2 protein chains.
Amino acid sequence: MSKEKFDALFAYTQTLVDLQGIGGVAGWDMQTHMPPKGAAVRGERLATLTSIVHEMATRKELGDLIAASEDYARSQGEESFEFANWRETDRQYKKATVIPTEMAAEISRAGSQGHVAWMAARKNNDYASFKPFLQKNIELVHKVVELSRPLFPNVEDDYDILLDDYEHGMKTSDVAEVFDVFKAGAKPLVEKVAAHAGDGRDAATFKHFPQATQDALVREVAKQVGFNDDEWDLTTTAHPFEHSMSIHDIRITTKFDENFFNPSFFGTLHEFGHGLYENQIDDRYERTMLGHGVSLAWHESQSRSLENLVGRSLPFWKWATPVVQKHFPEQFAGMSAEDIYRAVNVMGPSLIRIEADELTYNYHIIIRFELERALLSGEVTVDTLPEAWNAKYKEYLGVDVPSDSDGVLQDVHWSGGSFGYFSTYALGNMLGAMLWKRVTAELPGLEDEFAAGEFGSLRAWLRENIHQYGSHYTPNDLLFKVLGTRKLDAQPQLDYLTAKVNELYG
Amino acid sequence: MSKEKFDALFAYTQTLVDLQGIGGVAGWDMQTHMPPKGAAVRGERLATLTSIVHEMATRKELGDLIAASEDYARSQGEESFEFANWRETDRQYKKATVIPTEMAAEISRAGSQGHVAWMAARKNNDYASFKPFLQKNIELVHKVVELSRPLFPNVEDDYDILLDDYEHGMKTSDVAEVFDVFKAGAKPLVEKVAAHAGDGRDAATFKHFPQATQDALVREVAKQVGFNDDEWDLTTTAHPFEHSMSIHDIRITTKFDENFFNPSFFGTLHEFGHGLYENQIDDRYERTMLGHGVSLAWHESQSRSLENLVGRSLPFWKWATPVVQKHFPEQFAGMSAEDIYRAVNVMGPSLIRIEADELTYNYHIIIRFELERALLSGEVTVDTLPEAWNAKYKEYLGVDVPSDSDGVLQDVHWSGGSFGYFSTYALGNMLGAMLWKRVTAELPGLEDEFAAGEFGSLRAWLRENIHQYGSHYTPNDLLFKVLGTRKLDAQPQLDYLTAKVNELYG
């Protein structure tokens with residue numbers, strides 16, 4: 001039982017975390033400020049760093065340190081920082097070492113090539129040209145599943161192994177169950193809103209919004225909810241994202257559409273929600289294996305809550321209406337908080353996931369989840385995938401898919417080899433609603449606070465109950481700690497959506 | 001004679017260069033976009049990377065590869081890429097390994113602590129509080145000199161060893177010689193311009209210049225001289241600098257003073273000059289030991305040429321006058337190209353190096369060079385330094401130093417342990433003028449081109465004769481290759497300054 005070995009392990013992982021952090025800066029820069037012609041060399045440099053990190057992360061020396069410090073870590077108690085850090089190090093070491101270096105390189109290469117092929121295929125609406133790359137990615141997924149099987153001795157469903165990369169410990173059967181509940185409950189709501197399609201209530205959001213003014217507006221709103229210049233940076237990118245360089249160095253990005261109000265406004269709130277999670281992690285997790293949010297669903301629960309449960313709520317618009325009218329007096333002239341609330345809450349079936357509203361968003365995810373499982377089982381092949389895609393869009397959302405570019409080719413994930421990722425978006429929505437029920441019960445004054453532009457109690461609750469822990473607890477343990485349950489539940493989101501649809505489309 | 005070993009050496013250095021490049025991104029971000037509270041962790045991460053790079057750069061394996069590939073490198077010829085890359089790898093390995101790791105860490109720590117102490121001392125005009133840190137840095141310099149002596153078997157002057165870090169192969173005696181020539185030749189010029197001090201010819205440059213308009217102006221001018229958005233990025237910082245992420249990813253920064261036209265305008269041209277050097281290096285040097293400009297003096301020759309020999313020339317202002325008047329119609333109302341040319345070429349003795357004009361700038365450097373040598377020999381000590389500083393400013397520039405903050409504490413270099421660096425600024429000015437004599441002789445139409453806003457021939461000449469080579473040749477070999485001499489010469493700059501002073505102050 002050696003504290004010395006544990007300390008050596010800790011120092012070893014600190015170096016790994018630092019190197020990954022430096023790589024993170026280079027990755028962020030690549031997506032924000034790098035001139036286009038810097039891409040080739042940047043790719044080489046990041047590949048070099050990645051291979052050095054991978055070598056360090058799979059070195060026998062690390063495995064030996066993990067083994068030698070297990071007793072000490074366990075002796076500190078299962079709730080201890082030491083044990084949590086050890087557990088996460090051990091888990092990631094096992095996942096890294098199960099894949100041979102050559103296969104890791106092959107996966108990375110296939111992902112890069114798939115990405116390039118996908119961009120061209122989407123642009124030219126040419127699914128056939130993308131097919132061999134997708135096929136290659138699926139074959140590699142099968143190999144990863146086989147290699148990973150020893151780490152999942154009692155696995156019920158091979159798809160669990162894929163999910164585990166994004167949502168550690170999540171079971172496919174649990175996902176399928178909540179998705180089925182959601183589908184049944186949301187169907188009448190979708191039918192109701194579909195009947196009001198194109199009624200023009202969102203006309204105000206499609207006026208002209210000069211970029212510089214949007215920029216000033218989203219900065220003002222971000223600062224009101226908790227952004228500050230000492231710890232945050234906001235810049236523009238084609239594909240908005242959040243990246244934490246460290247707990248007190250949070251980067252968020254947004255994009256501006258001069259003819260549509262929503263993307264920068266709600267996108268900024270969304271990325272702020274991700275950033276707030278990272279920014280409120282306890283300082284003791286800095287430079288450790290536990291210094292980031294615990295999973296994709298947990299992360300998405302935070303971003304979607306800020307975007308939708310806060311940003312698309314009526315109390316929020318009681319505060320925000322004069323603010324947006326100050327920046328855009330003509331565009332929102334004469335509109336009440338209720339008017340803008342209605343304008344930014346238009347719902348209805350659509351083709352494109354990233355443009356979907358709160359209600360129909362999960363359907364886009366459920367379709368992808370079902371297709372991923374079918375691809376893995378062989379029930380659907382790369383040849384029949386577009387047909388299966390289009391059939392599901394017709395079945396669930398009643399829409400006809402006019403082209404593969406607006407259909408099966410719309411998302412980047414499969415091109416890079418990410419299977420199992422999509423589910424976490426919908427799980428995040430559901431988790432967000434579960435948490436929201438608890439938040440609003442414990443903080444009954446929240447609506448009045450939002451109406452007054454006060455978001456401090458919400459931030460404090462999230463920090464205290466969720467954010468501070470980083471990855472100390474596993475996703476499922478954190479769920480139990482916060483809500484006293486180990487099962488995700490679709491009902492809170494359905495209740496929320498039912499009330500909202502009845503209010504807005506009643 | 002093993003090509004295999006050479007290839008292994010090449011791959012090894014590629015990894016080193018990649019890691020340094022990744023560190024460069026993190027360093028650039030630290031100075032440009034990082035929120036203040038990110039500093040502590042960023043410092044830790046960079047220290048981790050630095051120690052990994054240092055370990056790799058001093059590993060016996062590298063020394064063995066260097067030894068094993070020498071014959072092959074030499075067999076390719078002294079002019080070959082292979083030999084140049086080998087030579088530079090060998091040189092840097094020897095310099096890195098001569099300093100024990102613990103001492104490298106001590107130097108780094110003393111530099112960081114000195115920097116912090118210097119910032120406070122300058123702010124509070126409290127030289128005494130900085131003295132022990134400066135003393136420590138000087139002691140470490142002496143130790144480095146002793147440890148490095150085996151690498152300089154025939155050294156004439158210990159100061160050569162310090163110079164070598166910034167200007168490989170430069171001799172102190174050669175620097176002293178050109179500085180003496182400069183002092184003698186420039187003295188009557190300084191006396192002449194001093195008689196016109198405060199005659200108000202630069203009044204137009206001290207009006208109000210809104211930052212956004214300055215930003216638009218400097219981008220327009222930068223694009224005209226060669227900046228493009230595919231390969232360059234321009235952002236703002238407190239202390240402007242240039243950094244090349246790679247040959248086709250060049251970052252320059254500038255700062256804006258809303259009450260003074262010159263800093264952003266000429267600062268941008270200066271940093272563009274540095275960036276152009278890096279951007280025009282031949283692609284085959286990318287990711288090698290030869291992929292940057294060869295020395296500080298060579299770099300400064302390029303930046304000062306763009307800033308002064310181009311940017312402060314009358315032909316340039318024939319093109320630029322309507323451009324600045326478009327952006328600032330009121331501030332430059334009614335002024336001819338000659339008027340603006342005179343306004344941006346005011347000269348006269350002053351206290352602060354970074355604000356000095358073309359003529360007096362070198363004196364600021366000569367003072368520091370002479371004081372560094374005196375500090376190294378013990379003729380001046382940290383106790384007598386301020387007094388010696390003030391005496392030299394009185395002797396050379398006729399100015400009284402009112403406080404140490406505007407005197408001996410004005411520059412950052414010594415606080416971080418950099419001794420030998422300053423000279424390269426003046427050497428760059430002299431080299432720039434030497435090169436300019438050749439450029440203008442070979443391109444007789446240059447003045448007409450500048451007046452028409454055309455800078456392509458200049459860029460092509462610089463690329464062909466200097467930039468393309470990166471660090472292929474040593475600084476002295478490059479001088480010989482370009483100008484057929486191995487000695488720096490102060491006379492071309494003196495001739496240029498004499499003509500300019502006579503024209504403007506005649």
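Colleague: How many bridges join E1(B) to strand E3 of chain B?

Modeller: In this predicted model, strand E3 of chain B covers residues 249–254 and runs parallel to E1(B). One bridge pairs Asp233(B) with Arg251(B) in E3(B). The number of bridges that join E1(B) to E3(B) is five.

Colleague: Which strands stand at the edges of this sheet of chain B?

Modeller: The sheet is open, with mixed pairing, and its three strands follow the order E1-E3-E2 in chain B. Each edge strand has a single partner strand, so one of its sides is left without a neighbour in the sheet. Neighbouring strands are turned against each other by 20° on average, direction ignored. The strands at the edges are E1 and E2 of chain B.

Colleague: Which helix of chain B packs on the sheet?

Modeller: The helix touches E1, E2 and E3 of chain B. Its direction makes about 165° with that of E3(B). The helix, residues 262–279 of chain B, is H10.

Colleague: Which element supplies the largest share of the side of chain B that touches chain A?

Modeller: In the contact between the chains, 31 residues of chain B meet 31 residues of chain A. On the chain B side, helix H1 (3–32), helix H2 (39–57), strand E1 (232–236) and strand E2 (242–246) each supply at least two residues. By class, that side has 11 nonpolar, eight polar and 12 charged residues. The largest share, nine residues, comes from H1(B).

Colleague: Are H3(A) and H4(A) roughly parallel or roughly antiparallel to each other?

Modeller: The axes of helix H3 (residues 60–75) and helix H4 (residues 81–97) of chain A come within 10 Å and cross at roughly 150°. The crossing of H3(A) and H4(A) is left-handed. Among the residues that meet are Leu62(A) and Ile66(A) in H3(A), and Phe83(A) and Trp86(A) in H4(A). Angles over 145 degrees count as roughly antiparallel, and H3(A) and H4(A) are therefore roughly antiparallel.

Colleague: Is Arg287(A) buried or exposed?

Modeller: Arg287(A) is found in the loop between helix H10 (262–279) and helix H11 (296–310) of chain A. Although not a glycine, Arg287(A) has a positive phi of about 60°. Because 22 other C-beta atoms lie within 10 Å, Arg287(A) is buried.

Colleague: What is the phi of Asn125(B)?

Modeller: Most residues other than glycine have a negative phi. Asn125(B), in the loop between helix H5 (101–124) and helix H6 (127–148) of chain B, is partly exposed, with 13 other C-beta atoms within 10 Å. Although Asn125(B) is not a glycine, its phi is positive, at about 50°.

Notes
Residues are numbered from 1 along each chain as its sequence is written. Chains are lettered from A and ligands numbered from 1 in the order in which they are written. This is a predicted model: local features need pLDDT of at least 70, side-chain atom pairs count only at pLDDT 80 or more; totals for chains, interfaces and linings use all residues. Two residues are in contact if their C-beta atoms, placed from the backbone, lie within 7 Å. Helices (H or I, at least four residues) and strands (E, at least two) are DSSP runs, numbered from the N terminus. Ala, Val, Leu, Ile, Met, Phe, Trp, Tyr, Cys and Pro count as nonpolar, Asp, Glu, Lys and Arg as charged, and the others, Gly among them, as polar. Axes are lines fitted to C-alpha atoms, for helices over the stretch in contact, and angles run from 0 to 180 degrees between N-to-C directions. Angles under 35 degrees count as roughly parallel, over 145 as roughly antiparallel, 65 to 115 as roughly perpendicular and the rest as oblique. A crossing is left-handed if the near helix is turned anticlockwise from the far one by less than a right angle, and right-handed if clockwise. Two strands pair if DSSP finds at least two bridges between them. A residue is buried if 20 or more other C-beta atoms lie within 10 Å of its own, exposed if 12 or fewer, and partly exposed in between; C-beta atoms are placed from the backbone.
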